[in-house]
Amino acid sequence: MQMHHRGYVSNDPRIQPAAGYGIDRPNEIPDEMDVLIVGTGPAAVAVTAQLAKFPNLNVRAIEQRNGRLEVGQADGIQARSVETFQAFGFANEIIDESYRNVEMAFWAPDPEDPSQIIRTSRAPDDATGISEFPHIYVNQARVLDYFLREAVRAPGRIVPDYGVEFVDLKIDREHEYPVEARIRYTAGEREGEERTVRAKYLVGGDGARSQVRKSLGHKLHGDASMHAWGVLDIMANTDFPDYYLKCAIQSHEHGQILLIPREGGYLVRMYVDLGNLDEGDAGKIRSTSVKTMIDTVNKIIAPYSVDVREVAWHSVYEVAHRVTDGFDDLEDEQRGELSPRAFIMGDACHTHSAKAGQGMNVSIQDGFNLGWKLASVLEGRSPESLLSTYSEERRVVAKNLIDFDKEWSSLMAKPADEWEDPEELQRYYVSTFEFPAGFMTEYKESMITTGLEHQDLAKGFPVGKRFKSAEVIRRSDNRWRHLGHLHEADGRWRVYVFADAAAPALEGSPTADFANWWATSEDSPRVKYTPAGGDEDALFDTKVIYQQDYTEVEPYAVPAAYKPVKVPFGLVDQNQIFAAGHGRDIHAEREISRDGAIVVVRPDMYVSGIFPLDAFDEISEYFAQHLLPVAK
C-alpha cells in the first residue's frame with residue numbers, strides 16, 4: 001500500500017478521506033442518483049464497493065432486510081474470488097478467519113461389506129498451482145461484511161439503506177435519469193410508504209426471486225433435476241476420521257454426503273442426499289425435518305456416527321439449473337443501437353446447485369465486471385457502448401457454469417451401485433478443477449479484448465483470461481512482490497511492459513522508445529485519456545519488468561514513463577520498476593518473448609491485449625475503442 005504522497009497519514013491508511021458524495025452523506029435516499037443498487041448479495045456488494053471508490057458518483061444501495069445478513073447460504077470461496085478480495089484489500093484478513101481447503105477425501109462402500117464406507121482416495125487441492133491463493137470456506141455473511149466495510153472506508157462512504165425494497169421500474173430514455181424506480185419502506189416509522197426515485201442506471205442483485213428481473217420482463221429458463229438435498233451447518237462429536245476434511249461420501253443404499261468443514265474448527269456443513277422428488281408431492285421432501293436429515297447422515301457414514309450438539313442453520317433445496325433470457329434491459333435487436341440502463345447479476349441471472357461452490361463466486365465476478373464499467377461511463381472516460389459488454393461477457397460465463405454444474409451435480413447424486421469405477425468422481429473433480437476454481441473464464445474478442453495475433457509474445461498470459469500473477473523483484477526496495485497483487489480495484493488499466501533484452505536505458509532500446517512515446521506523443525493513450533492536473537498514472541498503472549537481475553537495474557537509467565509523478569507534491573514514484581533475481585525470471589516462467597511484450601490488463605484483472613513494444617498504432621487503436629479523450 002502506498003501512502004503519504006498526499007500528505008502524512010497518521011491514522012489507518014486503509015480508511016480513505018471522504019470526498020464528493022461521501023462528505024456528510026445524507027440519510028435520506030435522494031430523488032435522483034447516478035446508480036441505484038438493489039440488494040446486498042455478493043454481486044451487489046462487489047458493485048457497491050467498486051463504485052464507492054468514485055466519490056463523484058451519487059450511488060445508493062437498498063436492501064429489503066432490516067440489517068446485515070447474519071447466516072449466509074453460501075460458504076465456498078474459490079481462489080479467483082480470493083484474488084478479487086486482494087484487489088479490494090481484504091484477502092489476508094478473510095483467509096485468516098476461514099477454513100483453508102488443502103485436500104479432498106473420497107469415501108465409498110467397502111467392497112467386502114457394502115453397508116459400511118471406506119476411504120478410497122485423496123486429491124490435493126490445486127495440485128498444479130493454478131493460483132497462489134487458497135480455496136477457503138467462510139460464511140457468506142462475512143464476505144458481504146468485508147465488501148461493505150470497504151465501501152464505507154472508500155471516499156464515497158456508501159452504506160446500504162436497509163428496510164427498503166424495490167417494487168418495479170420504468171425506463172424513459174429521453175429523461176436525464178432514465179430509470180424510474182418505485183421503492184417501498186419495509187421497516188421503521190415509514191413502513192409501507194412508497195416513493196418513486198430516478199437513476200441513470202439501476203443494478204439488480206436481488207437474488208433468485210429477483211423483482212428487478214421480473215420488472216424487466218425476463219425469466220429464468222432451464223430445468224430442475226427433481227432431486228432434493230438437505231443442508232446442515234452443525235457442531236458435533238464424531239469418530240469419522242475425515243470430519244474436518246472436505247469429503248465426498250457415497251453409501252451403498254442411503255445416498256451421498258458432501259462434507260464441507262467451516263471456519264473456526266468446530267462448524268461443519270453437510271449436503272445430505274434426500275433422494276428424488278415425487279412430482280405429485282414435492283412438498284413432503286422439502287419439509288424434511290432436521291432429525292430425519294441427521295438420521296440419514298448416520299446411515300450414510302456407517303460404521304461411523306455423528307452426535308450433533310448444535311444446528312446453526314439448515315435448509316432443503318431442489319437442484320435446478322436455470323439461466324435468464326437477458327442480463328440487461330435491451331432486446332437482442334436493440335443491441336448496437338441503444339445502451340442498457342438496467343442490469344441484473346448473480347442469482348437473478350443464474351441458479352444451480354450449491355455443491356460446486358459457484359453461486360457466490362460467479363456472482364462476485366458479475367459485480368466486478370459491471371462495477372468498473374459503470375464508473376468509467378459515468379465519469380466520462382468511456383462511451384455508453386462499453387456497458388453492452390457486460391451482458392455479452394457474463395451470459396457466456398453463466399451458460400458454461402450451468403453446463404458444468406449439471407454434470408457435477410448429476411455425478412454427486414449418482415447411486416453407488418451405478419458406478420463402474422469408484423474413482424470416477426475423483427478423476428472428474430481433479431480434471432475439471434480449473435473451472436470451479438474460477439479460472440476457465442475466457443472473454444472473447446470485443447471492444448475491450450483483442451484477438452490472439454500477438455499471443456506468442458506472452459504465452460503465459462492468455463488473452464481473455466485472468467492475469468496469472470508471478471513474483472518479481474521490486475527494484476525500489478529489492479523485495480519479492482507478486483505482480484498481480486499490486487492490482488487494486490480502482491478502475492485503472494494495468495500496462496505491464498515486459499522489457500526487451502537491452503539493459504535499462506533512457507533511449508535507444510524498444511523499451512525506452514515505448515516509454516518516450518507513451519509519455520509524450522499526442523497519439524499516446526496516456527496523453528489522450530489521462531486527466532490533466534492529477535497523478536500521471538491516474539488511468540494507466542504502468543509497470544516495467546526488466547530481464548536483468550535487479551542488481552543491474554538502476555532507477556536513474558529507467559525512463560520517466562515508468563516513474564509516474566504524484567500530486568500534490570510532485571513526488572516521483574519509483575515503485576513501478578521490477579526485475580529478475582535470485583535465479584528466477586518471470587519472462588521464462590510466463591513464456592514472454594525475449595524481444596519484450598506489452599500486456600494490457602483491464603480493471604477487473606483480465607488480460608485484454610498483448611502487443612509488441614513498437615505497436616504504437618495498434619495500442620492507440622485498441623484504447624480508442626473504449627476510452628474518450630479528456631479536455632486538457
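**Close-up views of aromatic groups and helix contacts**

**View 1. An aromatic cluster in the predicted model.** In this structure, which is a predicted model, the residues W372, W493, F514, W517, W518, F540, F611, F616, Y622 and F623 together form one aromatic cluster.

**View 2. The contact of helices α11 and α14.** Helix α11, made of residues 510-520, and helix α14, made of residues 616-624, have axes that come within 11 Å of each other and cross at roughly 40°, and the two helices are therefore oblique to each other. Their crossing is right-handed. On the side of α11 the contact is made by D513, F514, W517 and W518, while α14 contributes F616, I619, S620 and F623. Sorted by class, the residues of this contact are six nonpolar, one polar and one charged.

**View 3. The contact of helices α1 and α4.** The axes of helix α1 (residues 42-51) and helix α4 (residues 140-153) come within 8 Å and cross at roughly 15°, an angle under 35 degrees, and α1 and α4 are therefore roughly parallel to each other. The crossing of this pair of helices is left-handed. P42, V45, A46, T48 and A49 of α1 meet Q140, L144, F147, L148 and A151 of α4 in the contact, whose residues divide into eight nonpolar, two polar and no charged.

**View 4. The aromatic pair of F85 and F147.** F147, one of the residues through which α4 makes contact with α1, also has a ring partner in F85: the centres of the two rings are 5.8 Å apart and their planes stand at 75°, so the pair is edge-to-face. Because F85 lies in helix α2 (residues 79-88) and F147 in helix α4, the pair ties together parts that are 62 residues apart in sequence. F85 and F147 are both buried.

**View 5. The aromatic pair of Y99 and Y137.** The ring centres of Y99 and Y137 lie 6.1 Å apart and the ring planes are at 40°, so this pair is tilted. Y99 is found in strand β4 (residues 99-101) and Y137 in strand β7 (residues 135-137), so the pair ties together parts that are 38 residues apart in sequence. Y99 is buried, as is Y137.

Definitions and conventions:
Residues are numbered from 1 along each chain as its sequence is written. This is a predicted model: local features need pLDDT of at least 70, side-chain atom pairs count only at pLDDT 80 or more; totals for chains, interfaces and linings use all residues. Side-chain values use heavy atoms; hydrogens and water are left out. Axes are lines fitted to C-alpha atoms, for helices over the stretch in contact, and angles run from 0 to 180 degrees between N-to-C directions. Helices (H or I, at least four residues) and strands (E, at least two) are DSSP runs, numbered from the N terminus. Angles under 35 degrees count as roughly parallel, over 145 as roughly antiparallel, 65 to 115 as roughly perpendicular and the rest as oblique. A crossing is left-handed if the near helix is turned anticlockwise from the far one by less than a right angle, and right-handed if clockwise. Contact means heavy atoms within 4.5 Å. Ala, Val, Leu, Ile, Met, Phe, Trp, Tyr, Cys and Pro count as nonpolar, Asp, Glu, Lys and Arg as charged, and the others, Gly among them, as polar. Rings of Phe, Tyr and Trp (its six-membered ring) pair if their centres lie within 6.5 Å; planes under 30 degrees apart count as stacked, over 60 as edge-to-face and the rest as tilted. Buried means under 20% relative accessible area, exposed over 50%, partly exposed in between (1.4 Å probe, protein chains only).
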